[in-house]
Amino acid sequence: MKFDTIIVGGGLAGLLCGIRLSKEGQRCVVISAGQSALHFSSGSFDLLNALPDGTPVRNPLAGVEELIRQQPLHPYAKLGKEKFGELAVLARELLLEAGIAVKGEEKANHYRVTPMGNLKPTWLTLKDLLACESDSHLPWKKIAIFNVLGFLDFYTQFIADEFRKMGTESSIHSFNFPVLECIRKNPTEMRSTNIARLFDKQENLEELIRLLKTESGEAEAIILPAIVGLGQDDVVEQLQEKVGKTICLLPTLPPSVPGIHTQQQLRKYFQHLGGVYMLGDTVLRAEKEGRKVVRVYSYNHGDIPFVGKNVVLATGSFFSQGLIATSERIYEPVFDLDVSFSKDREQWYNLDLFAAQPYQTFGVKTDDSFRAMYRGQAFENLYVAGAVLEGFNAMKEGCGAGVSVLSALSVAERILSK
Amino acid sequence: MNLQQHNISDNNFEQCIKCTVCTVYCPVAAVNPDYPGPKQAGPDGERLRLKRPDFYDEALKYCINCKRCEVACPSNVRIGDIIQMARIKYSKKKPKVRDFILANTDLVGTLSTPFAPVVNATLGLKPVKAILDGVMQIDHRRTFPKYAFGTFESWYKKQAEKQACFPQQVSYFHGCYVNYNNPPLGKDLVKVMNAMGVGVQLLKKEKCCGVALISNGFIHQAQKQAAQNISSIRESVVDKQIPVIATSSTCAFTIRDEYPHLLGIQNADVRDHIELATRYIYRLLSQKEIKLNFKKNTKIKVAYHTPCHLEKLGWAYYSIELLKLIPNIELTVLDSQCCGIAGTYGFKKENYKTSQNIGESLFKQIEACDIDYVVTDCETCKWQIEMSTSKPCEHPISILAKALEDRE
């Protein structure tokens with residue numbers, strides 16, 4: 001199977017890299033071992049919220065310079081300040097082009113609302129989710145929070161309590177329709193996506209509209225958990241228009257309906273551009289000639305190899321099994337690339353759960369062009385993008401999505417310039 | 001002391017991180033609220049069943065064994081296998097007479113083909129359908145696949161000598177469908193293989209792959225047939241060094257993966273040499289300089305549908321790439337989603353609605369396409385698509401055979 005570029009990993013980084021390359025006419029394949037971490041997404045994309053020393057960043061374009069000084073191994077340091085800004089703009093444009101409507105910009109973070117009702121800075125937020133400019137108050141005095149009866153992945157009271165601290169009063173409403181009774185038969189499976197399937201049907205949406213109209217009373221705006229819009233884009237617009245009020249979604253606990261929709265849109269766009277997406281396959285080994293990977297073998301395809309000029313590793317971090325931790329070491333399972341980690345296991349973690357955890361910065365070593373290091377030397381045609389990279393703390397620095405999309409686009413550019 | 005060693009199961013359900021992604025992509029859970037979904041039916045339930053078998057939930061019968069949960073799982077848990085094994089181990093429900101008839105495709109085919117015109121006409125009659133529905137619980141809205149008058153095997157006997165003359169040989173696992181319902185597909189395969197300089201043999205003894213026996217709960221019979229098939233395949237692969245190909249994606253998948261995973265029939269020594277015809281051809285074309293002689297003036301518009309078991313195998317790519325070789329073909333690849341039939345599942349009265357609801361969005365997508373044919377590697381998908389849409393459905397090998405110049 002001959003391709004220009006073989007991309008291992010089908011999440012945000014792999015797909016964005018594939019989209020960028022396919023747009024330039026490259027023939028790409030994405031091999032993905034199961035669905036990606038986008039299924040657990042908040043619906044927002046972080047670029048840079050804080051420096052490694054903890055200083056908050058309001059303007060990522062300005063803040064990146066100090067980040068590079070503090071953490072020279074950071075993926076953003078490999079891009080440099082100029083490229084960082086340029087690729088961030090490109091990434092936002094590519095998302096919009098793929099049909100993922102996001103709001104936000106690079107030069108000023110806005111605030112998203114967590115499933116617990118807290119405000120957190122972020123770069124881009126999907127258009128239907130609540131996002132605000134201020135870090136201390138919401139644009140309304142009185143809102144109505146609605147939830148499906150028995151849906152346990154959305155905490156209305158926590159949210160109302162947090163909102164009250166910011167000066168917004170909330171009324172809490174719980175609702176139930178006969179069709180919702182059906183999925184309640186399995187209370188443990190009363191999850192966001194199962195509910196969202198019902199609201200992909202117009203008749204159920206109409207029922208919801210009627211209910212929101214009659215029950216929202218004086219509220220200026222309505223808050224719903226992100227349980228609509230799995231299969232279609234314009235649900236919230238439709239609700240707003242028919243109810244006559246501002247309606248915002250808040251993220252739920254996973255699985256994430258907005259995240260799944262994003263994944264499906266990206267995949268669709270990649271395939272539309274001619275990309276081949278292979279789901280449920282695992283890359284097992286590669287054949288090398290000198291410093292080049294020439295053939296990649298997978299579980300499903302057995303003796304028939306993937307042959308490509310370039311290979312991109314975008315397999316994610318521990319959660320997606322791009323990195324595997326044993327009690328002795330941390331390794332990268334596909335190519336056994338060089339991984340940075342402390343030999344002393346006690347140094348992997350901090351006993352204070354909420355402190356920066358060192359293991360978060362462990363990852364695959366690359367040269368300044370994101371080419372993978374193997375036994376101390378860089379491969380000529382194997383690039384690394386996304387969460388599997390070393391040198392950043394997605395949680396503390398608020399840069400996970402940014403590292404994924406910017407490293408992916410940088411890798412794509414380097415491949416294209418060859 | 002390693003406490004972990006006491007906590008490891010035969011399957012890998014401990015790897016489940018409860019992310020629910022499997023349930024998101026389960027075609028049954030999406031339309032039938034009686035089915036708890038693969039997470040609960042699989043790894044969650046397994047933990048309880050290991051404690052006490054009476055935690056087994058008969059709702060597991062709604063699983064169609066499409067394996068789309070396994071394809072979606074980010075943690076590589078064999079969810080579908082866990083559910084099927086639980087059904088085999090714990091279900092107390094005895095299969096009905098209807099299930100016996102639906103499961104024994106081999107036996108029913110043998111009985112029907114000699115009287116094909118009569119059987120086909122009878123099965124199409126409304127009163128007969130009503131009886132089948134009332135007495136047997138086989139849904140009256142279902143269209144039955146037609147039986148052929150004379151089997152593929154009987155046709156092949158006359159070709160055997162000619163086929164043996166080719167320098168390169170493959171063994172063909174034709175399956176019940178080609179043998180009893182659609183011998184022309186088998187003939188198309190022979191034509192395509194011959195055009196590439198490959199002769200086609202049959203296995204010494206071929207039994208039904210057993211997929212319908214497994215899903216209907218006839219496990220011992222499935223094991224017996226599997227053992228016989230693997231012994232015939234071994235004779236071809238190991239003794240004669242001739243690889244085995246199939247045109248049915250489900251037969252290929254069952255023999256490669258369900259035999260060891262569900263039936264305990266070991267096939268590791270031959271597994272890599274059992275594959276789908278389109279994959280065999282793709283490999284041959286990429287290794288050898290073979291020029292396929294296509295007709296000049298064909299114009300054809302097709303849409304490819306990926307059957308669930310082919311999605312699991314990951315091999316739809318080969319069928320799609322082969323179709324692209326046909327000059328002037330206009331090819332659409334449909335979204336990979338279940339058509340709803342799931343072998344014998346959709347024939348059962350109690351499943352008809354679920355079956356059609358699962359397929360609904362696929363049918364809509366097909367109807368929206370301006371095409372001559374839907375193309376797919378699975379025979380039961382073909383029945384479902386032909387019954388539920390206005391488009392005819394063909395196997396990629398048949399499309400390829402039609403496009404090839406007839407050789408003298």
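Predicted model: local features only at pLDDT ≥ 70, side-chain atom pairs only at ≥ 80, totals over all residues.
1. Over residues 4–403 of chain A, the chain is 29% helix and 24% strand, with the end C-alpha atoms 24 Å apart. Helices (H or I, at least four residues) and strands (E, at least two) are DSSP runs, numbered from the N terminus.

2. Residues are numbered from 1 along each chain as its sequence is written, and chains are lettered from A and ligands numbered from 1 in the order in which they are written.

3. Please have a look at strand β9 (residues 142–148) of chain A. Of its 7 residues, 6 are buried, so β9(A) is largely enclosed by the rest of the structure. Here a residue is buried if 20 or more other C-beta atoms lie within 10 Å of its own, exposed if 12 or fewer, and partly exposed in between, with C-beta atoms placed from the backbone.

4. Which strands pair with β9(A)? One is strand β10 (residues 169–175) of chain A, in the parallel sense over 7 bridges; two strands pair if DSSP finds at least two bridges between them. Within β10(A), F175(A) is the bridge partner of V148(A). From β9(A) the chain passes through helix α5 (residues 156–165) of chain A to reach β10(A), a right-handed β-α-β crossover. Right-handed means that, with the strands pointing away from the viewer, the path from the first strand over the helix to the second runs clockwise. Strand β11 (residues 221–225) of chain A also runs parallel to β9(A), joined to it by 3 bridges, and I222(A) in β11(A) stands opposite A144(A).

5. Chain A also has an open sheet of 3 strands, in the order β3-β7-β4 with antiparallel pairing. The edges are β3 (44–45) and β4 (102–103) of chain A; each has a single partner strand, so one side of each is left without a neighbour in the sheet. Between β3(A) and strand β7 (residues 124–126) of chain A there are 2 bridges, and the two run antiparallel. L124(A) in β7(A) is the bridge partner of F45(A).

6. Helix α7 (residues 192–199) of chain A is mostly covered, with 7 of its 8 residues buried. Among them are S192(A), N194(A), I195(A) and F199(A). D200(A) sits in the loop between α7 and α8 (202–215) of chain A. With 15 C-beta neighbours inside 10 Å, D200(A) counts as partly exposed. Leaving aside neighbours within four places in sequence, D200(A) is in contact with L230(A), G231(A) and Q232(A); contact means that the C-beta atoms, placed from the backbone, lie within 7 Å.

7. How is chain A divided? The assignment gives domain 1 (2–106 + 260–416) and domain 2 (130–250); such bounds come from an automatic or database domain assignment. The centres of domain 1 and domain 2 of chain A, taken over C-alpha atoms, are 34 Å apart. Each of these domains gives 5 residues to the contact. On the side of domain 1 of chain A that touches domain 2 of chain A there are 1 nonpolar, 3 polar and 1 charged residues. Ala, Val, Leu, Ile, Met, Phe, Trp, Tyr, Cys and Pro count as nonpolar, Asp, Glu, Lys and Arg as charged, and the others, Gly among them, as polar.

8. Chain B is divided into domain 1 (8–90) and domain 2 (300–403), with 26 Å between their centres, taken over C-alpha atoms. The contact takes 11 residues from domain 1 of chain B and 11 residues from domain 2 of chain B. The side of domain 1 of chain B that touches domain 2 of chain B has 6 nonpolar, 2 polar and 3 charged residues.

9. Finally, the two chains together: 27 residues of chain A are in contact with 23 residues of chain B. The elements giving two or more residues to the chain B side are α1 (21–24), α3 (68–72) and α17 (308–313) of chain B. By class, the residues on that side of chain B divide into 12 nonpolar, 7 polar and 4 charged.
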